[in-house]
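User: I'm new to reading structures. Could you walk me through this one?

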Amino acid sequence: MKLKIGTRKSTLALWQAELVSKKLNALDVQTQLVEIESFGDKEQDIPIHKLGDKGVFTKALDDALIKGEVDLAVHSLKDVPTVLLNDLDLVSVLERGNPRDVLVKPKEEKENTRRTIATGSIRRTAFWKNRFPGDEVVGLRGNVPTRLQKVDDNDWYGAVFAYAGLERIGFENRISEVLDWMIPAPSQGAVGVVARKDTTHRELFNKLNHNETRICVDIERAFLNELEAGCSSPVGAHAYIKKDMLYFTGAVLALDGSRRMDVEREIPVSEATAEKGHQWADLLKNDGAVELLTHRNSND
Ligand SMILES: NCc1[nH]cc(CCC(=O)O)c1CC(=O)O
């Protein structure tokens, strides 16, 4: 038996696919990587939230799974929509890396009269403007190495990246600041494996699961799902487990960062089910979170 692992072609995607491959090899399963280009990779210059609502990075791999061209697909879990296609399942979630967002400054710092921050993410934009209303935020796209190069080539104060993405491909040394105050994207820093529902390898995939990570990301993703928001919405959610407690922070922001709603909870791990994520999102919905999310600026 040789399992075909579908992956995107970026350095980060390949690193994550290799990780899954090694874990399967350690379980005496042979593997082969199949590189597939996604729509989100081809269209590097269009802002991500304009590419389409959901699955811009996952669709090509979903198709390959459904056609049987690959047996599993490896993704950054935060890029995977909370609702999968009917025939597909999230079969494993690996142990999470650092979930935080970080600031990367240019190698040579520039003198700025007004700070300009680069990011292509509307969540990062909203959080940044919420905390620093006087700063300017500009768009930034491309895979991690491309974005790092753009940071050095422009006059920006810096750009926001995922800690895990930089660390995995050897750019941890570019981190200037860990942005502890920014609530990460739901499931940021976790790697997920998607397979067909009728896969015959479920038991094998279960062995790749990291239970604590799975509990946390299921809650974060339920929170996002309940708010009916895709990966490109100004929604942050982060859960972590310490001893027997699960700690959760979630927030919904207006696009321009002018308003936000927060929820913070701690519960015993024994009570931690995805349902909690739905409930906590419901609290914010009752306070008008959906109106906050759907409120558009005139220049949008
Ligand atoms: N949207 C692109 C993307 N998808 C996953 C990561 C990083 C790894 C992760 O968060 O799991 C990145 C890069 C980034 O956000 O800087």
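Analyst: Let's start with what "near" means: a residue is near a molecule or strand if its C-beta atom, placed from the backbone, lies within 6 Å of it. Keep in mind that this is a predicted model, where local features need pLDDT of at least 70, side-chain atom pairs count only at pLDDT 80 or more, and totals for chains, interfaces and linings use all residues. Residues are numbered from 1 along each chain as its sequence is written.

User: Which residues are around the ligand?

Analyst: They are Ser76, Lys78, Asp79, Val144, Phe161, Ala162, Ala164, Gly165, Gln188 and Gly189. To sort them, count Ala, Val, Leu, Ile, Met, Phe, Trp, Tyr, Cys and Pro as nonpolar, Asp, Glu, Lys and Arg as charged, and the others, Gly among them, as polar. This shell then splits into four nonpolar, four polar and two charged residues.

User: Which domains does the shell draw on?

Analyst: Domain bounds come from an automatic or database domain assignment. Here that assignment gives domain 1 (1-94 + 190-209), domain 2 (101-178) and domain 3 (210-295). Domain 1 and domain 2 each give the shell at least three residues.

User: And how do domain 2 and domain 3 meet?

Analyst: Call two residues in contact if their C-beta atoms, placed from the backbone, lie within 7 Å. By that rule, eight residues of domain 2 touch 11 residues of domain 3. On the domain 2 side, these are five nonpolar, one polar and two charged.

User: How do I read a sheet?

Analyst: Helices (H or I, at least four residues) and strands (E, at least two) are DSSP runs, numbered from the N terminus. Two strands pair if DSSP finds at least two bridges between them. Strand 4 runs antiparallel to strand 10 (residues 191-196), with five bridges joining them; valine 93 sits opposite glycine 192 of strand 10.
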